[in-house]
Amino acid sequence: MSRPFRPARPVEERSAAECMCHVGGPCTSYQPGHALHLVQARLAAATPGEWVDGFVVNADPDAGVLTVRTLEGVVTTFENAAGAAASVARDEPVAVHARYRVLAVGRRRFNLREIG
């Protein structure tokens, strides 16, 4: 008679996983404000009526923060670690997808995290 199989206990992780963008590399996370996931980009492209046009009010590439004012006058501040703030200039026209939090700068797309 064979002994029952006993799987090894999982090892508890003691340190939090950190995205490579925090240490100078490219984003390795798809969390809000990091790299844009293909599914997120496709969902935003499939719902064109939810894009909101606006202009960049302020962009701080060192902090990865940018502020956008929509044509309706709504001002929102976003964070992105993948270089969105470095890709825009003040008063540049952009579009923000309201539901999926995607920033469109020309043909480039970025994943956003709303911070204010």
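Two strands pair if DSSP finds at least two bridges between them. Strands themselves are DSSP runs of E with at least two residues, while helices are runs of H or I with at least four, and both are numbered from the N terminus. Keep those in mind for the views below.

**View 1. The whole chain, a predicted model.** This is a predicted model, where local features need pLDDT of at least 70, side-chain atom pairs count only at pLDDT 80 or more, and totals for chains, interfaces and linings use all residues. Residues are numbered from 1 along each chain as its sequence is written, and side-chain values use heavy atoms, with hydrogens and water left out. You'll find 1 helix and 7 strands here, and starting from the N terminus they come in the order α-β-β-β-β-β-β-β. Of the 116 residues, 29% count as buried (under 20% relative accessible area; exposed is over 50%, partly exposed in between, using a 1.4 Å probe and protein chains only).

**View 2. The hairpin of β5 and β6.** Strand β5 (residues 102–105) runs antiparallel to strand β6 (residues 108–111), and 4 bridges join them. Look for Val-105, which sits opposite Arg-108 in β6. The hairpin has 2 residues between its strands, and Gly-106 has a positive phi near 65 degrees.

**View 3. Where β4 meets β5.** On to strand β4 (residues 93–97), which pairs with β5 over 3 bridges, again in the antiparallel sense.

**View 4. Zooming in on Ala-95.** Is Ala-95 buried or exposed? This residue of strand β4 has 13% relative accessibility, so Ala-95 counts as buried. What does Ala-95 touch, leaving aside its neighbours within four places in sequence? Its contacts (heavy atoms within 4.5 Å) are Trp-51, Val-52 and Asp-53, plus Val-102, Leu-103 and Ala-104. Val-68 is 27 residues from Ala-95 in sequence, and their C-alpha atoms are 9.0 Å apart in space.

**View 5. Contacts along the chain.** Take the contacts in the chain with a separation of 6 or more: 52% of them join residues 24 or more positions apart.
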